[in-house]
Structures are given as structure tokens and as C-alpha cells.
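Here is a friendly note to read alongside the model. Please keep the structure open and follow the points one by one.

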Amino acid sequence: MSENKPTLSVPYIPELDNLEVEDIIKQLDDNGRRETVGCLNWKEQFPYHPLTSFTIAHSGTHIYIDFFVRCNYLRAVNYENNSSVHQDSCVEFFVAPTGQVPYYNFEFNCIGTIHAACRMDRHNGTPLTDEQLNRVRRYPSCGTRPFEELEGMFTWNILVAIPLDIMGVKYEGKPIHMRGNFYKCADATASPHFLSWAPIDTPEPDFHRPEFFTDITLE
């Protein structure tokens with residue numbers, strides 16, 4: 001694969017925990033790190049390429065990610081914890097806190113429904129409990145009511161705040177080195193697509209491939 005792996009330095013902004021949603025988003029826009037989820041790894045089978053980006057920072061207790069998407073199809077059928085949100089208009093953050101397995105997959109559809117687990121691979125993992133999932137704060141611009149697929153021109157975002165301790169991580173003022181990737185998908189829409197931040201070199205779409213994760217550092 002010709003694309004080079006990106007790396008990500010996540011800024012430390014401790015005041016994020018004490019701000020309202022609009023101010024968190026402004027802080028991320030002003031002082032966070034912005035990246036594009038733009039790798040079209042399987043462009044012959046799945047050429048659709050919705051504009052997708054994210055801004056990220058951490059507070060010492062949470063990782064804050066604000067995903068932004070511009071697309072032509074919008075779907076949010078799944079509304080229960082750990083349901084198949086990847087079939088909907090979905091953004092994802094996969095991270096290995098120690099740089100090796102296990103890794104965590106955090107998946108969010110556009111109404112904030114979450115699917116998350118601690119995994120060794122696609123087939124072997126432990127779903128996070130409802131109590132753990134409910135600690136992951138989600139602020140979707142599309143509201144929280146499910147709906148069938150819509151066609152048009154849509155712009156949406158979802159801000160999420162993931163507690164570090166859910167992943168067994170404790171920030172003590174020193175950089176924490178992780179590995180991970182960010183994704184955009186919508187398997188069951190009229191234009192299914194599978195985008196990644198760091199490139200993936202597999203014959204078919206497969207996000208559960210930690211060997212293609214890349215360096216993420218919490219500053």
C-alpha cells in the first residue's frame with residue numbers, strides 16, 4: 001500500500017471536563033487536533049467517499065472526539081446499546097491502550113447509539129456493560145430518535161467523551177502511547193462505504209485489524 005501511516009498527537013486540555021457542549025466543541029476547534037478519515041482502501045468495490053473528519057483532545061480523564069460528516073444518505077435504525085450501529089451512518093474509534101491487544105472498539109451511529117467491546121480480534125471480545133456504556137457521553141446533532149434511511153444532502157456531527165478508566169488507563173501528566181484507528185462506515189445504506197484514517201491493506205473491508213493501527217499519543 002502506497003499510503004503512509006499517519007501519527008496522532010492528542011492535545012491535553014484539562015478544562016474540557018468543566019465546559020458545556022458548545023464550549024467543548026469550540027475548544028476542540030481552536031486547540032484540538034483535526035484529522036481527516038479519508039483512506040478509501042477498497043475503492044473498486046466501495047467507491048463512495050463521504051467527507052469525514054474529527055477533532056480530538058483529552059482532559060486527563062476523558063478522550064474527547066468530535067466527528068463531522070457530510071453525506072448523501074443518513075440511516076439510524078439501531079437504538080439499543082451494543083446493537084449493529086455499523087449498519088447505520090456510523091463513525092468509529094478503535095484503540096489499543098497499551099499498543100498491543102486487547103483493543104477497544106467504540107462505534108457510534110448518528111443518533112449516538114453505541115457499540116463497544118474489549119477485544120482480542122473480531123470474533124473474541126467482551127462487550128462493555130450498560131453501566132460502562134452509559135458513562136461514554138454522546139452529543140449527536142441528529143437527535144436520539146431512530147429513523148429509516150433518508151436520501152439528500154446531510155451534514156452531521158457527534159461529540160463523544162470516552163472515560164480513560166474504562167480502558168484501564170490513568171493519566172499522570174506524562175505522555176501515554178497507544179495505537180489505534182478511526183473509521184466511517186454505513187454497511188446497510190444505499191451507498192455502503194468503509195473509510196479509515198490510517199490505511200488498511202486487506203482484500204475486503206475489515207476494521208478489526210490491529211496490525212494496521214498506528215501511533216496515538218496522549219500528550
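1. Start with Phe93 and Phe182: both are buried, where buried means under 20% relative accessible area, exposed over 50% and partly exposed in between, found with a 1.4 Å probe on protein chains only. This is a predicted model, in which local features need pLDDT of at least 70 and side-chain atom pairs count only at pLDDT 80 or more, while totals for chains, interfaces and linings use all residues. Residues are numbered from 1 along each chain as its sequence is written, and side-chain values use heavy atoms, leaving out hydrogens and water.

2. Now look at rings. The structure holds 15 aromatic pairs; rings of Phe, Tyr and Trp (its six-membered ring) pair if their centres lie within 6.5 Å, and planes under 30 degrees apart count as stacked, over 60 as edge-to-face and the rest as tilted. Phe54 and Trp197 make an edge-to-face pair, with 6.4 Å centre to centre and 75 degrees between the planes. Phe54 sits in strand S3 (residues 51-58) and Trp197 in the loop between strand S12 (194-196) and strand S13 (214-218), so this pair ties together parts 143 residues apart in sequence. Strands (E, at least two residues) are DSSP runs, numbered from the N terminus. Both Phe54 and Trp197 are buried.

3. Back to Phe93 and Phe182, whose rings are stacked at 4.7 Å centre to centre with 20 degrees between the planes. Because Phe93 belongs to strand S5 (residues 90-96) and Phe182 to strand S11 (residues 176-185), the pair ties together parts 89 residues apart in sequence.

4. Which residues touch the most other members of the largest nonpolar core? Among its 45 residues, they are Ile65, Phe106, Met167 and Phe182. Such a core is a set of buried Ala, Val, Leu, Ile, Met, Phe, Trp, Tyr and Cys residues joined through side-chain atoms within 4.5 Å. Strand S4 (residues 62-76) gives the largest share of this core, seven residues. A second, separate core of 13 residues includes Val85, Phe194, Ile200 and Phe207.

5. Finally, find Asp66 in strand S4. Asp66 is buried, with a relative accessible area of 9%. The side chain of Asp66 makes a polar contact with that of Asn157 (2.9 Å); this term means a pair of N or O atoms within 3.5 Å, where within protein one must be able to donate a hydrogen and the other to accept it, and residues adjacent in sequence count only if both atoms are side-chain atoms. The C-alpha atoms of Asp66 and Leu159 are separated by 4.2 Å, although these residues are 93 residues apart along the chain.

Key
Helix = DSSP H or I, 4+ residues; strand = E, 2+ residues; numbered from the N terminus.
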